[in-house]
Amino acid sequence: MKKFNIRKVLDGLTAASSSSSSATAQPGTPRENDVVQETLQSEHFQLCKTVRHGFPYQPSSMAFDPVQKILAVGTQTGALRLFGRAGVECYCQHESGAAVIQLQFLINEGALVSALADDSIHLWNLRQKIPAILHSLKFNRERITYCHLPFQSKWLYIGSERGNIHIVNVESFTLSGYVIMWNKAIELSTKTHPGPVVHISDNPMDEGKLLIGFECGVVVLWDLKSKKADYRYNYDEAIHSVAWHHEGKQFVCSHSDGTLTTWNIRAPAKPAQIITPHGKQPKDGKKPEPCKPILKVEYKTTRAGDPFMVLSGGLSYDTVGRRACLTVMHGKSTAVLEMDYPIVDFITLCETPYPNDFQEPYAVVVLLEKDLVVIDLGQIGYPIFESPYPLSIHESPVTCCEYFADCPSELIPALYSVGSRQKRQGYSKKEWPISGGNWGQGTQTYPEIIITGHADGSIKFWDASALMLQVLYKLKTAKVFERARGKEEKPSTDIVDEDPFAIQTLFWCPESRMLCVAGVSAHVIIYRFSKQEATTEVVQLLEVRMQSEFSEADSPDPGGEQTPTLPTSAASSSPQEAEPPNQLTAGVNSSEGARDNIPCLQVRSSPLKQSPGYQVELVVQLVWVSGEPPQQITSLAVNSSFGLVVFGNSNGLAVVDYVQKTLLLNLGTSELYSPSDPCQRQPRSPRKPRQPSGGFCDSNDGSNNSEDRCKSPTSGSTSPCNSDDERKQNFIEKAKMSRKISSSGEQKLDLDGKDNAFTRSRSSSVTSIDRESREAISSFYFCESFPRKSGSLASPCLLVGTTQGSVMMVALSLQPGGDQKLQQSLSFASCGTLVQLKGGILTMALLDAAGTMLPPSCEVWYDPNASDEEKEKEKTRRRRPATPPSSQEGQDSQFAVLCSEKQANVVAMPSQTSIYKHNITETSFVLRADVVQMAGAYCIACFCANGHIMTLSLPSLRPLLDINYLPLTDMRIARTFCFSNLGQALYLTSPTEIQRITYSQETCDNLQEMLSELFTPVETPEAPNRGFFKGLFGGGAQSLDREDLFGETTAGKASRSLAQHIPGPGSMEGMKGAASGVVGDLARARVALDERGQKLGELEERTAAMMASAESFSKHAHDMMVKYKDKKWYQL
């Protein structure tokens, strides 16, 4: 055993979570030369974020670089998401967390300006894989309302709430002394303030003319050189947006009454045209009825045809309940495109970045509250493009999540082949237009799969390999059940208010491809994977009656033609030896009597057509018992070699043979304890309190109040919370509840004596009278081990963990030999408590004497719908259970790894001696723990409610990593956090986004190579040709020397109190304080190189100017010499 060295623990180790956290060897611990030589060290671990997938949560703004073809989306929480081609995406975060109100690309420069609601602007450098802020500017006296950065200009116009316009040099991020004051822009006779600036743009044909739109309806054309207004355009309705015609002679305004006004710049008296796109035109020629505001309008021209006018909003007020629409006006046709969610912003994509050329629009990017849609303007009917991004994670709220790294390589192609048939039709045939960036060059090649369970009962399989995410296959479990057509038809047996099909927990065996899911309506569905279509005439159903009273044996209600056997006692023999079961009477559900033997959902009676993919094998439903609804399922496991599925709740556990469709065992939790067990609890009758509803609510609105609608899906009791810090204890208990019972939002809990199955006093005494709440099954693990201390031959076993910290072992007696389909006999014997830990059991595993994990035996997948010949071929290569390991007398050959909410324990088998014990935390509790593989060895990875992520070596439980990563502020994180092999982990950071992290030092070191590149060197398109006549008569675009106009020499310095310049961490000033290292040196070198290149470019420009000046001086000198060459001195 490697000696434990506290100095090796990473610097994230803190006293809050590691007090009393040293690994302690128990009496009888083997000496160093007797145990596993561990290879994992603290140097193998480091924690960092990798990528974020999904739709940006609560989007607020958008921008597009037409040359780089990169899309940027800002959110209300200060996040920045950048998208390029499929697989190219990036996440950044503003430290302040203020909402991003506007984004502006420095087109083809690899930079982006963001304006925030806290009146700060930031310059992002996109030329590095992880973008960083170069400069920030914080306004003190002005509120920012609008920004405009002209193409190929370094001067940024900023409009304010007071109506003033300031100008910022984006290179140095300093303010110019040139200011356009609102009182000089409007007419002197105007007595009222014009309101905030809502629009700024320069005339496409004359950079010296600036168009300023004020909220009140006044538009001003400002001459930058003469510093006065050329024209003022007045309209009675408030302005929301303005758009230029590319020739610079006309512009269009959208107004709050649903009208569009078109103005000729030289005719300010009245609009050239007023239209109401969605207004009803009265026959008597009167003004049309007002409509809803047109929030944005864009005016784009084409060479060959009519211009496009794209607008959002403007619908008639009588369209109550109608969804948000985008209107595309092209010539005489008007297309109204309905959207699924409200429109946040839209951008029309054009062929040219130059505003003074024909725009040639080809697509519209529409940012919705919960989706991103790209519309093809080049095809009839305006079809949408098929999105290559994983933006549908939140299509239904995520209720559970599992992560499988380094899974069998054939799984992803198999899932993709069946999932490709589910794709919708009718998409645009063109390539996705947002196509910038390049993929990373990482060496990480192992396959990764993420499975998400959702509130509508759907399950999605995702390919997560190489830091990308792509949906592979979608399974709808609700198809198995009958759906109520209306609210009045909703069954009275439902135990949840909404989302009765929501996924509670799932278990997936990658080798056998068996999938088992448990839903909130106390149902379990077992699926097999098939590449062929099948039609199931009758869905196989098994109804199980589970209750905490076990004095009488209750026969399960057989479903269909199945005849399950009686549940057996703890030490009974084969089920076939029991008496034939008596058939239960028909379910009672009348107003006179209590509901009994009725499932919560009704399985469909019509034939079920099952597409290739996952197909239903068996449905198991728990039924009502004497008016008491079934308790929701808290744990689940499948063993494909034995053909068994086991599930448990607060009443006990049940074992089902899914091949024979029979119930083999139905035990109360107390029956698992042997009669002489000191940890045995006394049986308790089921309580009869009001059953709270347990539903899955849509938490996408982001407010905790709405998420608090979710209630605890189980009933029970709790002892009063008597901690010193009541609020902290309440939150801890809520987090425990959320982890154990999945839901789509926060749990609404009252800990002052209300019903709750899993909350309890955190007393360390296992016999405390305060722990009278119902004990639930929290974890299962199939294995081949030694059920008896004196045993020398391993046999099939089931480890059972409970919420009270007990770990019991149940021996499975299987019929030897033969095909599993002929397997009829299987008996169980409880071996009592193996060990008792503090807190509920989270995970269990088994290691061999060399420290290698012993996974549960499983069969190799075969297609259940294949021909008999193919099945025979598959059977010959099917994996049989491994040869049971033997143990010499007096020598341990296995290690049982057990982890609870408070402790980790390693027990030697078959002696059942606890050889290592580690107190993970005293002040908090573990939310998720997994035994994972890292660098060829195994360890325990834990995530605590106080935000700490820890790893412990196996089997000695040495702390290898302890970092305070993420304080638990959201129940969603507690519910979805999961670890996987090779240092990978993930959680839902928002209702729409998955955050992936790594705890592997190797992955952290290679992250720069693995990440995609946003900026790629692209030549800027040539400027439009002015033509001979336009150049001759001055009809082309007029340029402006902004440097001369806005520079300090001419405009002077701005007031220092107006704004404060803050160097960003990505600038050279920020770099000086950065930690040294290879990555830091490379970043500094890159920034220095960029600055050097920029300075060389400026030097080259100055040299060229000096050469031109010298040449001009030489010419003038030569002219003077010629002029006075032959003249005498007196003729001068």
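Tutor: In this predicted model, strand E10 and strand E60 (residues 1059-1063) pair in the antiparallel sense, and five bridges connect them. Within that pairing, Leu137 is the residue that stands opposite His1061 of E60. E10 itself spans residues 132-139. Strand E9 (residues 120-125) is also joined to E10, through six bridges, and these two strands run antiparallel as well. Ile133 of E10 has Trp124 as its bridge partner. Six residues lie between E9 and E10, and the two strands form a hairpin. E10 is mostly covered, with seven of its eight residues buried.

For the chain as a whole, there are 13 helices and 60 strands. Of its 1132 residues, 57% are buried. Among contacts with a separation of 6 or more, 61% are between residues 24 or more positions apart.

Next come the charged pairs. A search of the whole structure finds 25 salt bridges. One of them joins Glu338 and Arg323, whose closest N and O atoms are 3.3 Å apart.

Another salt bridge, with an N to O distance of 2.7 Å, is formed by the side chains of Lys460 and Glu395. Lys460 is part of strand E32 (residues 458-463) and Glu395 is in the loop between strand E29 (372-376) and strand E30 (398-405), so this pair ties together parts that are 65 residues apart in sequence. Lys460 counts as buried because its relative accessibility is 3%, and the cut-off for buried is under 20%. Glu395 also forms a salt bridge with Lys474, with 3.3 Å between the closest N and O atoms. Here too distant parts of the chain are linked: Lys474 is in strand E33 (residues 470-476), and 79 residues separate it from Glu395 in the loop between E29 and E30. Elsewhere, Arg52, Arg81, Glu89 and Glu993 are linked in a network of salt bridges.

On the nonpolar side, the largest core has 43 residues. Those with the most contacts inside that core are Leu799, Val807, Leu898, Ile920, Ile940, Leu954 and Leu957. Taking Leu954 as an example, and not counting residues up to four places away in sequence, it touches Glu38, Leu847, Val897, Val906, Val931, Tyr938, Cys939 and Ile940. There is also a second, separate core of 36 residues, which includes Phe404, Phe501, Trp508 and Leu608.

Helix H3 (residues 411-419) gives a picture of how a helix is covered by strands. Its residues Leu411, Ile412, Ala414, Leu415, Val418 and Gly419 are buried. They lie on the same side of H3, because the arc they cover around the axis is only 165 degrees. The elements that cover the buried residues of H3 include E32 and E33, along with strand E31 (448-454), strand E34 (503-509), strand E36 (523-530) and strand E40 (613-622). E32 is the strand that holds Lys460, and E33 is the strand that holds Lys474.

The loop between E40 and strand E41 (635-639) contains Gln631. Gln631 counts as buried, with a relative accessibility of 1%. Its side chain and that of Ser650 are joined by a polar contact of 3.4 Å.

Pro361 counts as buried at 11% relative accessibility. Its contacts, leaving aside neighbours within four places in sequence, are with Lys300, Thr301, Thr302, Phe308, Thr348, Leu349, Cys350 and Leu377. The C-alpha atoms of Pro361 and Pro307 are separated by 9.0 Å, although the two residues are 54 residues apart along the chain.

Technical notes: Residues are numbered from 1 along each chain as its sequence is written. This is a predicted model: local features need pLDDT of at least 70, side-chain atom pairs count only at pLDDT 80 or more; totals for chains, interfaces and linings use all residues. Side-chain values use heavy atoms; hydrogens and water are left out. Buried means under 20% relative accessible area, exposed over 50%, partly exposed in between (1.4 Å probe, protein chains only). Helices (H or I, at least four residues) and strands (E, at least two) are DSSP runs, numbered from the N terminus. Two strands pair if DSSP finds at least two bridges between them. A salt bridge is a side-chain nitrogen of Lys or Arg within 4 Å of a carboxyl oxygen of Asp or Glu. A nonpolar core is a set of buried Ala, Val, Leu, Ile, Met, Phe, Trp, Tyr and Cys residues joined through side-chain atoms within 4.5 Å. Contact means heavy atoms within 4.5 Å. The arc is that of the directions from the helix axis to the C-beta atoms. A polar contact is a pair of N or O atoms within 3.5 Å; within protein, one must be able to donate a hydrogen and the other to accept it, and residues adjacent in sequence count only if both atoms are side-chain atoms.
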